Amino acid sequence: MTTTQGTGKDTQTSAEPGGSKSADSVTARLDSVRHSIVETASACGRGDGAVTLVAVSKTHPAEAVEEALAAGQRVFGENRVQEAKAKFPALKERFPELELHLIGPLQTNKVKDAVALFDVIQTLDRPKLAEALAEEMAKSGRRPRCLIEVNTGEEPQKAGIAPAEVGDFLADCRDRLQLPVTGLMCIPPVDEEPAMHFALLAEMAGRLGLAEISMGMSGDFETAVRFGATHVRVGTAIFGARPYPAT
Ligand SMILES: *Cc1c(COP(=O)(O)O)cnc(C)c1O
């Protein structure tokens, strides 16, 4: 077998956790994504650590998460409470600094489990969910940070708060419900340039005094970094194609 990884180097392609450096390993892809983030951030004068990479492991097995953990990754995103519950509690015990983000829609009947397991809930997208989260946080004493999901494209079929309503929603979440809201997130329409949506989200976060801005996925995370993302959510570029559709 020929190797394309340089000469005289041991390029064993065994799936040894964290040790595999073949070009399509999780470790190598993670390196490459991190490198792009740092390069892009520094090109716009943003410092080291300005952008947190959320590795989106939905549909991928715990072994893939372990490989990323071995490569130093500590922040992960999942879109379903049930799936995250099956994969992450044991890993969180072994890696106490692991930070888990919910990036998918949250049904109110899963709020209890979500508050128990996640450290950040990025999909606070409606008043009823805000009420349920406030109630569960008061009951459990656990207070995962919340990001308001903004429907920047005002797509009728899409979850999220309309841009014009975010200010009032934020005030209600904070003042009346005492929720720890720390930022905004968006998923731009698939058929539009993401840049204008990223610009809008960053402008809103600045105006509302919110420090965390979650935007950008495998196809557009560099653009998101240029527009001020503090969190990018990258799945495919790290873990490869998903074995089955995520939703
Ligand atoms: C799946 C998902 C991602 C990651 O998407 P990739 O294109 O695989 O990087 C990011 N954000 C959300 C909300 C997702 O559901």
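# Reading a predicted model, feature by feature

User: Which cysteine sulfur is closest to the sulfur of cysteine 44?

Analyst: The one in cysteine 186. It lies 17 Å from the sulfur of cysteine 44, which is too far for a bond. A disulfide is a covalent bond between the sulfur atoms of two cysteines. The cut-off used here is a pair of cysteine sulfur atoms within 2.5 Å. Searching the whole structure gives zero disulfides.

User: What am I looking at, and how is it numbered?

Analyst: This is a predicted model, with residues numbered from 1 along each chain as its sequence is written. Local features need pLDDT of at least 70 and side-chain atom pairs count only at pLDDT 80 or more, while totals for chains, interfaces and linings use all residues; side-chain values use heavy atoms, without hydrogens or water.

User: Where is glutamine 157, and is it buried or exposed?

Analyst: First, the naming of elements. Helices (H or I, at least four residues) and strands (E, at least two) are DSSP runs, numbered from the N terminus. Glutamine 157 sits in the loop between β5 (145-149) and α6 (166-176). Its relative accessible area is 61%, so glutamine 157 is exposed.

User: How do I read strand β1?

Analyst: Check burial, then partners. Four of the five residues of β1 (residues 52-56) are buried, so the strand is largely enclosed by the rest of the structure. Two strands pair if DSSP finds at least two bridges between them. β1 pairs with β8 (residues 231-234) in the parallel sense, over four bridges. There, valine 54 has arginine 233 as its bridge partner. β1 also pairs with β2 in the parallel sense, over two bridges. In that pair, phenylalanine 76 of β2 stands opposite alanine 55.

User: Which elements make a β-α-β unit with β1, and what is its handedness?

Analyst: View it with the strands pointing away from you. The crossover is right-handed if the path from the first strand over the helix to the second runs clockwise. Here β1, α2 and β2 make a right-handed unit.

User: Which residues of α2 are buried, and what covers them?

Analyst: In α2 (residues 62-70), the buried residues are Ala64, Val65, Glu67, Ala68 and Leu69. A contact means heavy atoms within 4.5 Å. The cover includes α1 (26-43), β2 (75-78), α3 (81-94) and α9 (236-239). Just after α2, glycine 72 has a positive phi of about 95 degrees.

User: What does serine 36 touch?

Analyst: Leaving out residues up to four places away in sequence, serine 36 touches Phe221 and Glu222. Serine 36 belongs to helix α1. At 17% relative accessibility, serine 36 counts as buried.

User: Which residues surround the ligand?

Analyst: A residue is near a molecule if one of its heavy atoms lies within 4 Å of it. The ligand is surrounded by Lys58, Ile103, Ile187, Met217, Ser218, Arg233, Val234, Gly235, Thr236 and Arg242.

User: What are the polar distances there?

Analyst: A polar contact is a pair of N or O atoms within 3.5 Å. Within protein, one atom must be able to donate a hydrogen and the other to accept it, and residues adjacent in sequence count only if both atoms are side-chain atoms. An N or O atom in the side chain of lysine 58 is 2.7 Å from an oxygen atom of the ligand. Arginine 242 places a polar side-chain atom 2.7 Å from a ligand oxygen atom. For arginine 233, a polar side-chain atom lies 2.9 Å from a ligand nitrogen atom.

Key:
Buried means under 20% relative accessible area, exposed over 50%, partly exposed in between (1.4 Å probe, protein chains only).
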